[in-house]
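Hello,

Here is the structure I promised to hand over. Please open it first, and then read my notes below.

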Amino acid sequence: MPDPSQDPTLSPYERIASLIPEDSPLREMNSLEEINAWLSKTVLVPIDENRINPVLGTGPADADLMVIGEAPGADEDKTGEPFVGRAGQLLDKIMDAVLFDRDEIYIANILKSRPPNNRDPLAEEVEAHIPILYKQIELIRPKMILAVGKSAGNGLLGKSSSLASLRGKFHDYYGIPLMVTYHPAALLRNPQWKRPTWEDVKLLRTRYDELGGTSRRRDS
Ligand code: URA
């Protein structure tokens, strides 16, 4: 049978939805609230048992831009919201520099639970959690995606490339333009990467405007 995720006659959202395993309860869900209720009572992998809070994501349910990181850290685990610690504050500044307010963007991670001591996600954790992100993309229908960091970029694109080779261009993510740039936590340690990040988000903003993404600040 042909693989629907590779069928260019389908919409990007139908293609991505086809990646959700057929036996997953996510297939039947119709809202982010429904996903959140299920997530908070479901253990898919051991890190789900040890979290304080699951972190599904925040932002408008019809956002035109999704920003996707790797996994919650300690601050996110405590609050249940993505990117609220130091890295999150830098992310807000980066997005603000290209006229995106945080509340215009849907922000999420590949993993919805914090890995202990912020270790890298395990392959089985990504496999168990990434269908939740597929469902979020199916429901939100973003025009564009920004992946921050090598792990998020490679996790989405199914690659194992360096950040330097992933960034600076758009990837075709099942028909959605996807940019990968440096993770804000990496920028806190390596400020010399701020300039290429700025180049990346400028390209993102230009394409967003070309695609007719909604924008409070541009249109005011
Ligand atoms: N780093 C991430 O990748 N995601 C968060 O939510 C916080 C830090």
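Let me begin at the end of a helix: α6 is followed by R141, whose phi is positive, near 55°. Helices here are DSSP runs of H or I with at least four residues, strands are runs of E with at least two, and both are numbered from the N terminus.

Before going further, please note that this is a predicted model, in which local features need pLDDT of at least 70 and side-chain atom pairs count only at pLDDT 80 or more, while totals for chains, interfaces and linings use all residues. Residues are numbered from 1 along each chain as its sequence is written, and side-chain values use heavy atoms, with hydrogens and water left out.

Back to α6. This helix has 18 residues and reaches 25 Å from its first C-alpha to its last, close to the 26 Å expected at 1.5 Å a residue (the expected span is 1.5 Å times one less than the number of residues). A kink of about 35° lies at H129, shortly before the proline P131; the bend is the angle between axes fitted to the seven residues ending there and the seven starting there. Among the buried residues of α6 are E125, H129, P131, I137 and I140, where buried means under 20% relative accessible area with a 1.4 Å probe, protein chains only.

α6 also matters for the next topic.

Next, helix α7 (residues 150-157). Its buried residues are A152, G153, N154, L156 and L157. What covers them includes β1 (65-69), α6 (123-140) and β3 (144-148), with contact meaning heavy atoms within 4.5 Å. G158, with a positive phi near 65°, follows α7.

Finally, the open space. The largest pocket has a volume of about 780 Å³. Of the 30 residues that line this pocket, the closest to its centre are E70, H183, A185, A186 and R189. The largest share of the lining, four residues, comes from α9. On a 1 Å grid over the protein atoms alone, a pocket is an open set of points with protein on both sides within 12 Å along at least five of seven lines, and lining residues have an atom within 4 Å of a point. Grid points are joined across faces, edges and corners, and a volume is the space filled by probe spheres set on the points.

Best wishes

Key
Buried < 20%, exposed > 50% of the residue type's maximum accessible area, 1.4 Å probe, protein only. 1 Å grid on protein atoms, 1.4 Å probe; cavity = no way out; pocket = protein on both sides within 12 Å on 5 of 7 lines; lining within 4 Å.
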